[in-house]
Each structure stands twice: as structure tokens, then as C-alpha cells.
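Hi there,

Here is the structure I promised to pass on. My notes follow below it.

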Amino acid sequence: MPAPEFQHTVGKTASLSGTALHTGDKVTLKLHPAPVDHGIKFKRKDLQDEPTIDAKIENLKTVERATTIGEGSVRVHTVEHILSALSAMGVDNAIVEMDANEPPIGDGSAQLYVDLIKKAGVTPQEELRKFFDVREPMNVESKSGALIVLLPDDKFRISCTQAGPNNRFTQFLSIDVTPALFEREIAPARTFVYYEDVKPLMDKNLIKGGSLENAIVVRGDAVLSKEPLRFGDEFVRHKILDIIGDLALIGRRIRGHVVAVKPGHASNADLARLIVREQTRRSSLAAPRTIPSGDGGLDPDQVLEILPHRFPFLMVDRIISFETETKCVGVKTVTINEPFFQGHFPGHPVMPGVMQVEAMAQVASILLFKLAKTTSRIGYFMSADGVKFRKPVLPGDTIFVHAELTKSRGERLAKAKCHCVVNDAIVSEAELMFTFLDK
Ligand SMILES: [Zn+2]
């Protein structure tokens with residue numbers, strides 16, 4: 001178990017001024033402290049009512065050349081470099097206030113933002129950080145040839161391969177994302193563009209603030225920039241900078257290893273969406289770990305009052321929550337003392353799948369008895385559809401049994417969709433039908 005980490009914000013407000021890339025206008029940016037669980041928000045000081053936009057993947061609007069977020073008609077362009085610096089330097093909560101629709105581009109790197117964050121200072125807060133722990137490999141692949149794989153790791157690491165047209169400027173770098181390494185190895189790496197990509201934009205006057213002072217231009221085999229390359233592999237370093245910035249849109253820190261081949265903003269955003277989907281799925285599976293009092297659940301005595309089952313066949317210890325009248329979560333703690341482990345199997349104890357189905361049926365019938373406000377009947381199994389056993393349940397596991405009534409005909413027939421969860425993964429599921437008969 002990694003040591004607990006606390007959220008951080010900036011110590012005080014700090015500001016900087018510069019030029020916006022797309023409009024060429026002068027822009028002033030102020031970085032303000034923010035409370036715990038606030039995340040990063042952009043504030044448009046130049047607009048009426050000073051609207052704020054959450055730096056969240058849900059607000060992502062476009063990914064062409066830069067990452068743009070927005071809400072309603074309000075936009076903030078090119079957020080990835082400042083988000084990268086905030087994330088890598090350990091700032092979880094901050095307000096980024098600007099008097100334009102884009103942060104200053106600086107020299108095309110994240111150097112100016114690292115300097116700004118250091119000027120403001122980084123201070124711990126009293127709430128724990130939220131992490132996304134990679135549990136199994138995840139991947140995204142795009143038609144443009146980008147491929148990103150996310151692997152389990154106990155820290156945030158990025159291994160990136162960058163390749164230009166015809167595989168020119170192919171570069172590879174693998175690095176841990178820590179404040180010190182980011183500041184030294186990643187933040188100074190500048191944006192680079194291919195001449196054939198920017199020519200049409202320059203012709204259309206779309207990058208008014210663009211110059212060789214804030215981007216490296218690659219034309220054929222030639223590298224054009226005001227200042228020589230800062231690293232022999234500056235391009236892959238900037239790709240890593242962008243990955244960190246785009247993934248910051250998930251609003252959590254990642255414990256995992258990003259392996260990226262020819263990544264771009266679009267593929268980074270695809271991975272961010274995939275992570276958020278997986279996080280949402282996990283949260284919907286996770287049950288509260290504390291035992292509520294009062295009407296929030298049922299303790300073992302109350303379960304025994306409702307269910308007729310007894311040792312060794314009672315498969316619910318308690319009900320920990322009733323989400324609605326038709327949805328609840330029960331808990332079954334599986335110990336090595338369960339009688340079925342004696343025979344299933346000696347020396348290799350695995351909880352029988354049918355006992356998990358029985359647990360689902362018991363939790364579902366608690367819902368029914370509560371709904372019918374009677375315990376003078378006994379529920380009998382009629383059918384079980386779509387039964388799947390996905391992972392073995394072992395002694396020491398705690399099963400969270402989720403049940404939802406999907407259909408009831410009169411008070412005699414009911415259908416329930418159920419699944420058992422161990423360690424936030426579904427271990428079994430089934431759709432059950434019962435009939436209720438008087439005792
Ligand atoms: Zn960039």
C-alpha cells in the first residue's frame with residue numbers, strides 16, 4: 001500500500017503575462033489557490049459574469065493541434081501545457097484566471113508555468129488525493145496510427161515513442177512523472193510543428209501569435225527554431241508533456257504506466273475518456289464500507305427476521321443500503337469456516353457458484369418481502385437466466401451482493417437482476433425469477 005498523499009494547492013496568487021497563440025493578443029494569467037476537491041478550473045475574467053470551466057474531459061471540445069475545453073459557448077484553448085505543469089508539479093486544486101480565451105504560449109514549453117507554480121508555492125491540504133489505480137491493461141488505438149496502452153504500476157510513468165512523417169525524427173523516452181524530473185527533463189521541451197501542417201494555418205492567419213520563438217518548425221529534414229534544440233530528443237519530451245496535460249482532464253492522479261506510440265491530443269483524450277468510464281464503472285460497483293444505522297440497512301437480526309433461511313444456508317450477513325425501494329446491496333463475508341469449503345474442494349477452497357446465486361436470491365427476496373410488507377410467505381426459485389461466474393470467490397473475500405427488482409407481477413411473481421462484487425470486480429451475475437407462496 002502506498003503512503004497516503006494529501007491534496008495540494010498553490011500557496012498564494014501568482015501571475016504572468018504573454019501572448020496567446022491563436023489570436024496573438026496579450027493575455028494575463030493569474031493562478032489562485034482553491035479549496036480541497038475543487039480541481040482545476042479556468043476563469044474567463046474578460047467575459048461578463050466571469051464564467052469558469054472545469055478542466056474535465058466531459059468539457060473537452062476539440063483536439064486539433066491543441067486541447068480546447070468549454071461549457072456552453074465559452075471556450076478556453078490550448079490548456080494542455082498549464083495543466084501538464086500543474087499536474088506534474090503536484091497541484092490538485094487551483095483557479096486559472098485569464099483575461100483571454102487562451103493562456104500565454106510562452107516559448108511553447110511548460111517552463112513558464114513551472115516558474116509560475118514555484119513562485120506561488122505548493123502547499124498541502126487536509127484531504128487525501130484521489131487516484132486512478134490501473135488494475136488491468138487498458139488501451140486505445142486510432143486510425144492515425146496512435147496506440148496507447150495503460151499498464152498497472154505503483155507510480156505514474158510514461159514511455160513514449162514519437163515518429164514524424166515517414167518515421168523521421170523517431171524518438172523514445174521512458175520517465176517517471178515526478179516534480180523534479182518534470183521540471184528538469186520535460187517542462188523545457190517546446191512545441192514542434194510540421195511545416196506542411198502549419199502552412200495552411202499561417203495562410204489563413206489562424207496562428208497570429210505563432211513564431212519561431214514559441215515553436216520548432218520541422219520542414220523536411222530541417223529543424224527551424226530561434227534557439228537550438230534543448231534536447232536531442234526534444235520532440236518526444238514534448239509529447240510526454242502533452243500526455244500529462246491531456247490526462248490531467250480525468251481529475252485524478254494516475255498510478256500506472258502509459259506506453260504511447262505516436263500519440264496526439266485525440267488519442268490522449270480517448271484514453272482520458274476510457275479512464276473516466278472505468279472510474280465511473282468502479283464507483284457504481286463500490287458499495288459503502290460503513291454500516292449504516294436506522295433505515296439505511298438491516299443488521300443481522302433484522303435479516304433473520306425477514307429471511308427464513310438459517311445456518312448453514314443463510315447467505316446474507318447484512319443489508320448495507322437500500323438505494324431505492326427496488327434496489328439494495330447486501331454483504332456476505334466468506335470465511336474459511338463455511339461448511340461448503342469442506343467439500344468444495346479439500347485443499348483448494350472455492351465458493352460454489354450456486355451459493356453465490358443463492359446469495360443473490362436471498363438479497364432479492366429481502367427486497368420483495370420489504371415491498372410486500374409480509375414475511376408470511378416463502379420465495380421459491382423459478383428460473384435463473386444469464387448466469388455467469390467470472391472470477392473465483394475465496395475464503396477471506398467480502399461479497400457485495402447487488403439486487404434490483406426489474407419486474408413484479410402481482411405479489412406472487414418477481415424478477416431481479418443481480419450481481420456479486422468482490423474487490424470492485426463483478427464475480428458473478430444472474431437474472432432470477434421467483435414465485436411467492438404462503439408458508
Ligand atoms: Zn503541446
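Which residue in β17 does Tyr194 stand opposite? Tyr194 faces Val218 there.

Before the rest, some ground rules: this is a predicted model, where local features need pLDDT of at least 70 and side-chain atom pairs count only at pLDDT 80 or more, while totals for chains, interfaces and linings use all residues. Residues are numbered from 1 along each chain as its sequence is written, and side-chain values use heavy atoms, leaving out hydrogens and water.

The sheet is an open one of 3 strands in the order β16-β17-β18, with mixed pairing (strands are DSSP E runs of at least two residues, helices H or I runs of at least four, numbered from the N terminus; two strands pair if DSSP finds at least two bridges between them). Its edge strands, β16 (192-194) and β18 (222-224), each pair on one side only. β16 runs parallel to β17 (residues 216-219), joined by 3 bridges.

Now the zinc ion: its protein donors are His81 (NE2), His238 (NE2) and two OD atoms of Asp242, at 2.1 to 2.6 Å (donors are N, O and S atoms within 2.8 Å of the metal, or 3.2 Å for Na, K and Ca; water is not among the atoms, so sites may look incomplete). Along the chain, the donor spacing reads H-x156-H-x3-D. His238 and Asp242 are about one helical turn apart, because they sit 4 residues from each other in helix α5 (residues 234-247). Both His238 and Asp242 are buried (under 20% relative accessible area, with exposed over 50% and partly exposed in between, using a 1.4 Å probe and protein chains only).

Best wishes
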